[in-house]
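Here are a few notes to go with the model you asked about. Have it open while you read, and take the points one by one.

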Amino acid sequence: MVRLGVPMLIWLWVVAGLAGLAALGLFYVVRDARHQRRRRRRKMRLFCCGKCGRVYVGGRGEPAAPCPACGRMNNSVRTM
Ligand SMILES: [Zn+2]
């Protein structure tokens, strides 16, 4: 068995604690990035065409989207 002195045990304890905190920080960074990506994907907008009057849904957080019927760019009227 390897004999460790008290300073070495304290050092190992500190290093293990810092490694745990780093792992926890990394976990939250990855989780938040995934959550934001999912939210951006889910965010749908409602558009009403000013030319032909068609109501359609667009997504991905874009403030304007072309009408599928006539191609006119319209601003969103509501975020869902
Ligand atoms: Zn249209």
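1. Before we talk about parts, a word on the term: domain bounds here come from an automatic or database domain assignment. Keep in mind too that this is a predicted model. For this protein the assignment gives two stretches, domain 1 (1-42) and domain 2 (44-80).

2. How far apart do the C-alpha centres of domain 1 and domain 2 lie? The answer is 44 Å.

3. Now the overall shape. The C-alpha trace spans about 80 × 20 × 15 Å along its principal axes. The radius of gyration is 26 Å, whereas a compact globule of 80 residues would come out near 12 Å.

4. Reading from the N terminus, the order is α-β-β-β-β.

5. Next, burial and contacts. Buried residues make up 5% of the 80 residues. If you take contacts between residues at least 6 apart in sequence, 30% of them join residues at least 24 apart.

6. Let's zoom in on Cys-70, which sits in the loop between strand E3 (64-66) and strand E4 (73-79). Is Cys-70 buried, exposed or partly exposed? It counts as partly exposed because it has 13 C-beta neighbours inside 10 Å, and that label covers counts between the exposed limit of 12 or fewer and the buried limit of 20 or more.

7. Who does Cys-70 touch? Setting aside neighbours within four places in sequence, Cys-70 is in contact with Cys-49, Lys-51 and Cys-52.

Conventions
Residues numbered from 1 in each chain as written. Predicted model: local features only at pLDDT ≥ 70, side-chain atom pairs only at ≥ 80, totals over all residues. Helix = DSSP H or I, 4+ residues; strand = E, 2+ residues; numbered from the N terminus. Rg over C-alpha atoms; globule rule 2.2 N^0.38 Å. Contact = placed C-beta atoms within 7 Å.
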